[in-house]
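Hello,

Here is the structure I promised to pass on. Please have a look, and then read my notes below.

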Amino acid sequence: MNGAVVMESKTNKKAFWGALAAGLLGLGILLVSFGVSGVAYAVPIAGVGDFYVEFDKLEGEGYKFYPKLGETSSSDAAPQGTNIIEKLTIDNLQLYKDFQVGSEWIRVKIQASKPVQISGLQHDAGLIEANAKFQNLALEENNSTDWTKQFQQTSSTIILENAKLKTHYLFQETINMAGMKLTVEKIDKK
């Protein structure tokens, strides 16, 4: 070894599984409330690190985008963009987060088999890949010492198709997820 320091790390599986079980229990209670009423109010999803949102099609009204620095699972201030949409419908919505447990990977996935209606969406993303269409699109610069206020994009409508979004924060004032399904499964990730 010639003086080399070998560091070994271990995941505290008891703490991990306890935190995962508590999180899933909380999510289960939330989902049961969705099932009873069909509608959830003021739903933030944050603090779980990068997670992905995929869908076939999003149609929204009242769109606004601006850049920011925001927290991620690996940084206190990573560059990202905030997307605000007043009212939208999403077809074939899937949200998922992958966790590494020892040498294996687990995916927690929420999907909806029917169109999802959302109002008051705020979404912070580090990456958006999609086919996009806008109506009344405006890109605007503003004179400000705050760099996050120097640029914004607005449009009266937005359509995204075949989208994949690397997400850091997601909030909806209301969401109606008919045909929702939650799965937790091992995945083959290399």
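Predicted model: local features only at pLDDT ≥ 70, side-chain atom pairs only at ≥ 80, totals over all residues.

Residues are numbered from 1 along each chain as its sequence is written, and side-chain values use heavy atoms, with hydrogens and water left out.

The structure holds six salt bridges (a side-chain nitrogen of Lys or Arg within 4 Å of a carboxyl oxygen of Asp or Glu). One of them joins Asp124 to Lys68 at 2.9 Å, N to O. Asp124 is in strand S5 and Lys68 in strand S1, so this pair ties together parts 56 residues apart in sequence (strands are DSSP runs of E, at least two residues, numbered from the N terminus). Asp124 is buried, at 3% relative accessibility, whereas Lys68 is partly exposed at 21% (buried is under 20% relative accessible area, exposed over 50%, partly exposed in between; 1.4 Å probe, protein chains only).

Glu104 and Lys186 also pair, at 3.0 Å, N to O. Lys186 is exposed at 61%, and Glu104 partly exposed at 38%. Asp98, Arg107 and Lys189 are linked in a salt-bridge network.

As for the loop residue, Asp76 sits between strands S1 (40–70) and S2 (78–91), and is exposed, with 70% relative accessibility.

Finally, Phe134, Leu137 and Leu139 form a nonpolar surface patch (residues with over 30% relative accessible area and no salt bridge, nonpolar side chains being joined within 5 Å and like charges within 9 Å).

Best wishes

Conventions: Areas by Shrake-Rupley, 256 points an atom, 1.4 Å probe, with all protein chains shown as cover. Helix = DSSP H or I, 4+ residues; strand = E, 2+ residues; numbered from the N terminus.
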